[in-house]
Amino acid sequence: MIDHNVRVNIATAVRLLREGRTVAFPTETVYGLGADAGNPTAIRRIFELKGRPTDHPLIVHLPSAESLPDWTREIPAQAWLLAERFWPGPLTLILPRHPSVPLEVTGGQETIGLRVPDHPLALELLRSFGSGLAAPSANRFGRISPTNAADVRDELGNQIEMVLDGGQCRVGLESTIVSLVGPRPCLLRPGDISGAELSEVLGIKLETSQSSPSIRAPGLLPSHYAPETPLILRPTETLWSWVTLLTERDCRVAVMALTASQSMTGSAGKVNRVPMPLHPREYARELYASLRRLDAGSFDFIFAEKPPATLEWLAVHDRLNRAAISPSNPFITGETA
Ligand code: TXA
Ligand code: MG
């Protein structure tokens with residue numbers, strides 16, 4: 001149920017969006033920075049606010065799969081199958097762009113990313129607006145996506161007209177992206193909806209972006225979603241010896257820990273141990289907010305204990321690997337794990 005105050009907020013948001021302004025809104029994955037996908041001036045404002053290169057395409061959010069024909073000139077049967085099974089939900093489909101879609105939205109490409117988000121506020125906003133909203137994650141380019149309204153304000157401050165507050169995002173990581181424009185469906189970004197679930201609906205195995213590396217997408221850059229404090233990803237076996245070494249050298253260290261291992265005798269005062277959930281979905285929900293909190297905590301290093309190398313952790317591994325400092329960093333030369 002949407003209460004009276006929320007309706008008023010949505011009416012205000014719709015008015016702002018019709019005037020070509022930006023509104024941040026919650027989705028089930030992360031908060032989006034929304035603007036009218038049919039208005040090139042409004043779209044340019046998104047790129048300005050995010051500091052995002054203009055050739056990186058945006059996802060257009062739709063009120064339902066029924067509006068697909070307005071945004072894509074060709075809807076393969078696979079798109080209907082996936083939409084029927086997973087929308088509203090954390091799945092973005094890459095399809096051929098409809099000629100009426102401004103090229104500003106697609107970063108100049110002939111394809112477009114489309115999804116129907118599964119969040120009551122987002123759906124109400126989209127229905128009231130009555131058309132597509134382009135919305136990248138509501139963070140500055142290269143930074144961690146916000147998963148609550150306070151984090152959106154931290155990222156974009158008073159530069160944006162309005163933030164609709166829908167609480168903490170349920171999924172916490174960006175949507176799964178599947179391209180349906182190549183010869184075979186291709187998983188471009190892992191997310192809450194797994195490759196196995198998609199394969200089951202489509203009846204074929206998906207390609208991965210490693211096998212089709214030609215598509216431009218910032219979420220696919222090796223370094224992305226990064227905190228400013230160096231994040232170091234280590235397996236349980238080597239993590240604590242690194243932490244001990246650094247704390248002995250008077251570094252302030254935070255550890256996102258999965259196991260209860262290792263009493264921090266001797267360095268307890270300098271280590272902030274953050275217990276992370278052992279279930280991949282719960283871990284995903286907390287990951288970005290934890291990284292943000294620790295990034296603001298004046299630590300010299302943030303360590304993350306590597307989750308198990310199983311498929312259910314794939315999306316979490318993907319984001320942790322992008323957020324972590326590169327293995328070529330001199331600090332961790334010699335460590336191969
Ligand atoms: O969960 C999500 O997808 C969130 C919420 C707000 O919906 N949005 C999001 O947007 O993560 P953004 O812009 O931060 O990431 C969108 C990803 C980018 O990596 C972008 O390049 C890719 O989608 N993308 C969008 N259109 C594309 C296209 N035509 N071809 C390939 N990749 C595309
Ligand atoms: Mg993003």
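Pro88 sits in the loop that links helix 4 (77-86) to strand 4 (91-96). Helices and strands here are DSSP runs, numbered from the N terminus, with at least four residues (H or I) for a helix and at least two (E) for a strand. The peptide bond that leads from Trp87 into Pro88 is cis, and its omega is near -5 degrees.

A word on how to read all this: this is a predicted model, with local features needing pLDDT of at least 70 and side-chain atom pairs counting only at pLDDT 80 or more, while totals for chains, interfaces and linings use all residues. Residues are numbered from 1 along each chain as its sequence is written, chains are lettered from A and ligands numbered from 1 in the order in which they are written, and side-chain values use heavy atoms, leaving out hydrogens and water.

Two strands count as paired if DSSP finds at least two bridges between them.

Over at strand 10, the pairing with strand 9 (residues 186-189) is parallel and runs over two bridges. Leu187 has Thr208 of strand 10 as its bridge partner.

## Around ligand 1

Some side chains pair up with its oxygen atoms. For His61, a side-chain N or O atom is 2.6 Å from an oxygen atom of ligand 1. For Thr29, a polar side-chain atom lies 2.7 Å from a ligand oxygen, and for Arg115 the distance is 3.0 Å.

Thr29 also turns up next to Cys169. These two residues are 140 apart in sequence, yet 5.8 Å apart in space, C-alpha to C-alpha. Cys169 lies in the loop between strand 7 and strand 8 (176-179) and is buried, with 1% relative accessible area. Buried means under 20% relative accessible area, exposed means over 50%, and partly exposed is in between (1.4 Å probe, protein chains only). Leaving aside residues up to four places away in sequence, Cys169 touches several residues, including Thr27, Tyr31, Thr147 and Arg285; contact means heavy atoms within 4.5 Å.

## Covered parts

Helix 5 (residues 120-129) is mostly covered, with seven of its 10 residues buried. Among them are Leu121, Glu124 and Phe129. The cover includes helix 1 (4-18), strand 1 (23-25), strand 2, strand 3 (59-61) and strand 6.

Is Arg319 buried or exposed? With a relative accessible area of 1%, Arg319 is buried. Its place is in helix 10 (residues 314-323). Not counting residues up to four places away in sequence, Arg319 touches, among others, Glu174, Ser175, Arg189 and Tyr225.

In strand 11 (residues 231-234), Leu231 and Leu233 point one way, Ile232 and Arg234 the other way, and all are buried. Strand 11 runs parallel to strand 14, joined by four bridges, and Leu231 stands opposite Ile302.

## Two positive phi values

Most residues other than glycine have a negative phi, and most peptide bonds are trans. Asp250 has a positive phi of about 70 degrees. Asp250 is in the loop between helix 8 (236-248) and strand 12 (253-257), and is exposed at 57% relative accessible area.

Ser298 has a positive phi as well, near 55 degrees. Ser298 belongs to the loop between helix 9 (280-295) and strand 14 (301-305), and counts as exposed at 56% relative accessibility.

How values were computed: Polar contact = N/O pair within 3.5 Å; in protein donor to acceptor, adjacent residues only side chain to side chain.
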